[in-house]
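Please show the model to be discussed.

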Amino acid sequence: TQFEGMPGRNCTQPTEFILVEFTGNPETQVTLFLMFLLTYLVTILGNLGMIALIRASPLLHSPMYYFLGNLAFVDFCSSTVITPRMLVGFLLGKKGIPYAGCMAQVFTFDLFGLAECFLLATMAYDRYVAVCHPLLYALVMSPERCFRLVTGCYLLGLANGVGQTIGMSSLLFCGSSVIDLFFCDISLLISLSTSDTTLSCIILRTASSLLGVPSILVVLVSYVAIISTVLSIRSAEGKRKSFSTCASHLTTVSIFYGASIFMYLNPSSDTSRGGEKWAAVIYTVVTPMLNPLIYSLRNQELKDALRKLRKRK
C-alpha cells in the first residue's frame, strides 16, 4: 500500500503495514502453516514444561536452573510475539498488521530479545564460577545475587524495548508500507521511513554497541576461562564432567548468536533476502523450540528430576 505525501506535515501515517512472508503458493502455505504450528506447539509445551519441572523438583532449585527457567519464560514470550501472527497470516491470508500492533511487536520483541542476550551471558558467568571457582560458587551465586542478575536482564531488555519504540514513533512512512519479513523489525522499518532516521539509528546503534556487544563479550571471556581451566585438569573423566555442565548452554549460545549475526550483520541484497528470512526463522521461531529440547536431552539432572517426579505421582 502506498501513502501519498512528502515527509512533513502533509504526510499521512499508515494505519497498517504489509508483511511479506514466504510464498503465495497455496499448497506451500499449507505446508508452512502446519510446520510452524507444530514448532509453536512444541515451543509452548517444552518451555512451559521446563518451567513447571524446575519449580516442582527440589533437585533443580539451584542458580543454573533458576536462570534456565527464566530463559524458558523469555523463549515462550518471544515466540508468542511472532509465531501466532504468522500462523494467522498463513491460515487467513491476512498480511496486514495494524500500526499499533507493529509498534507493540517492536517493543516486546526487542525487550525479550535483549533480555535473552543477557540471560545467556549470565548463564555463561554462572558456568564460569562453577567450573573455575567451585569453592566460591555458593557465595558468589547467592539467591539474592541471582535475583538481581535476572532482574537486571529484564530491566535492560525493557530499556531497549522502550528506546526502540520511541525511535519508531518518530518515523514517518509516506512511501511503501511493505515490510519484506514476517514480523516488524526495527531495522527494516528504519529503511522504509521517509523521514529523518537519525534518532532511530542512534538508538539502534547505541543499543547494539552498549547492550548487545557486552553480553557477547561476557560469553566469550567466560568460555575462554572455562576452556583454559578444563584443559588444565589432568584426568579425562574430570575434563568430561566439567565440560558437560557447559555443553547445553554452549550449543544454545551458538545457535542464538549464529542466527542473529547472520540476520543482522549479513549485507542485504536481493539474492540474500531469502537466506535472511530463514535466518530470522531460526532466530525467532526455531531457537525458542530448541532450547528446552537441548537441555532436556543433554542434561542428566533434568532427566533424573523428571523420572523422580513421575515416580512420585
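This is a predicted model: local features need pLDDT of at least 70, side-chain atom pairs count only at pLDDT 80 or more; totals for chains, interfaces and linings use all residues.

Q: What is the average pLDDT of the chain?
A: pLDDT is the predictor's confidence in each residue, from 0 to 100. Here the chain averages 83, and 91% of the residues score at least 70. Residues 1–8 fall below 50; beyond near neighbours in sequence, this stretch has 26 contacts in the model (contact means heavy atoms within 4.5 Å).

Q: How many cavities of 30 Å³ or more does a search of the whole structure find?
A: On a 1 Å grid over the protein atoms alone, a cavity is a set of points where a 1.4 Å probe fits but cannot get out; a pocket is an open set with protein on both sides within 12 Å along at least five of seven lines; lining residues have an atom within 4 Å of a point. Grid points are joined across faces, edges and corners, and a volume is the space filled by probe spheres set on the points. The search finds 2 such cavities.

Q: Which residues line the largest cavity?
A: This cavity holds about 80 Å³, and its lining includes D75, E116, F256 and T284. Two or more lining residues come from each of α2, α3 and α9 (273–298); helices are DSSP runs (H or I, at least four residues), numbered from the N terminus. By class, 5 lining residues are nonpolar, 4 polar and 2 charged (Ala, Val, Leu, Ile, Met, Phe, Trp, Tyr, Cys and Pro count as nonpolar, Asp, Glu, Lys and Arg as charged, and the others, Gly among them, as polar).

Q: What lines the second largest cavity?
A: Among its lining residues are M64, M123, D126, R127 and Y295, around a volume of about 50 Å³. At least two lining residues each come from α2, α3 and α8 (236–265).

Q: Which element gives the most to the lining of the second largest pocket?
A: That is α2, with 5 residues. The pocket has a volume of about 280 Å³; of its 13 lining residues, I54, R55, H61, Y65 and Y66 are the closest to its centre.

Q: How many residues does the largest nonpolar core have?
A: A nonpolar core is a set of buried Ala, Val, Leu, Ile, Met, Phe, Trp, Tyr and Cys residues joined through side-chain atoms within 4.5 Å. The largest has 84 residues, and those with the most contacts inside it are F17, L68, M168, I179 and L189. Helix α3 (residues 99–132) gives the largest share, 18 residues. Leaving out residues up to four places away in sequence, L68 touches M50, I54, M123, Y295 and L302.

Q: Is S79 buried or exposed?
A: Buried means under 20% relative accessible area, exposed over 50%, partly exposed in between (1.4 Å probe, protein chains only). S79, in helix α2, counts as buried because its relative accessible area is 1%.

Q: Why is A130 classed as partly exposed?
A: A130 has that class because its relative accessible area is 22%. The residue lies in helix α3.

Technical notes. Residues are numbered from 1 along each chain as its sequence is written. Side-chain values use heavy atoms; hydrogens and water are left out.
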